[in-house]
Amino acid sequence: MNIREKILVVEDEKSISHFISTILNNNGYEAMQARSGTEALSMISSHCPDLIILDLGLPDMDGTEILQNLRSWSSLPVVVVSARSHEQDKVDALDLGADDYLTKPFGTDELLARVRTAIRHTRTASGNDEIARNGTYTVRDLTIDYNKHQVLMRGENVHLTLSEFRIVALLGKYAGKVLTYDFIIKELWGPRASGDNQILRVNMANIRRKIEKNPAEPEYLFTEVGVGYRMLEGD
Ligand code: CA
């Protein structure tokens with residue numbers, strides 16, 4: 001039997017903390033609860049959790065302070081939970097090193113998907129074991145061939161430009177995870193590339209036209225409004 005992964009739920013609202021912990025405990029994880037930032041930091045060192053679910057609005061400190069503190073010494077995966085509708089809070093948290101975010105209210109499936117993805121990405125250096133094994137990433141009808149630099153839909157080569165391929169390849173490498181516009185731009189065009197999203201948006205529109213049945217309702221490449229993009233994750 002597998003050892004249950006320990007997840008620290010940092011949340012001051014009892015009902016939400018209980019809701020999250022129950023879902024986790026019922027799905028093969030071991031949930032632990034912290035009600036404040038101070039308690040969270042001490043439990044992180046004493047209990048060594050495998051993942052942290054972190055509410056940004058805590059009574060004694062802002063969740064981003066915990067994130068900053070944690071990232072100075074650990075790469076432990078963190079999924080941020082926020083009631084805030086402002087996209088900038090999510091972008092800031094991701095830029096500070098959060099692995100993903102959930103916006104309240106969220107459902108069971110969404111919570112479990114984020115947790116699975118965040119834990120999976122800490123397991124392999126490449127971020128995606130299928131790519132490490134076969135040099136490909138496949139989800140439904142889409143295959144990204146990292147050796148041949150090709151994207152296939154139902155086995156047919158989708159003719160992408162180099163930039164378009166690199167965007168799809170990057171999202172595939174982190175499938176299931178949201179990548180901020182800024183992260184994608186810097187990965188593709190270097191640290192000094194302009195923070196302007198325009199080129200990225202144009203490329204994404206072209207990619208969707210080539211890949212998606214209905215580009216307005218994508219099945220593979222999702223927009224996280226004001227934050228970035230996420231590729232569908234396989235099972
Ligand atoms: Ca709170």
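Biologist: How many Å separate the centres of domain 1 and domain 2?

Modeller: This is a predicted model, in which local features need pLDDT of at least 70 and side-chain atom pairs count only at pLDDT 80 or more, while totals for chains, interfaces and linings use all residues. Residues are numbered from 1 along each chain as its sequence is written, and side-chain values use heavy atoms, with hydrogens and water left out. The domain assignment, which is automatic or from a database, gives domain 1 (6-124) and domain 2 (129-231). Taken over C-alpha atoms, the separation of their centres is 27 Å.

Biologist: What area is buried between domain 1 and domain 2?

Modeller: Buried area is the accessible area (1.4 Å probe) that two parts lose on being put together, summed over both. Carbon and sulfur atoms give 51% of it here, and the total is about 1,100 Å².

Biologist: Which residues of domain 1 lose the most area to domain 2?

Modeller: Three residues together account for 34% of what the side of domain 1 buries. They are Glu87, Tyr101 and His121.

Biologist: Which residue forms a salt bridge with Arg230?

Modeller: A salt bridge is a side-chain nitrogen of Lys or Arg within 4 Å of a carboxyl oxygen of Asp or Glu, and the count between domain 1 and domain 2 is two. In the bridge to Arg230, the closest N and O atoms are 2.9 Å apart, and the partner is Asp100.
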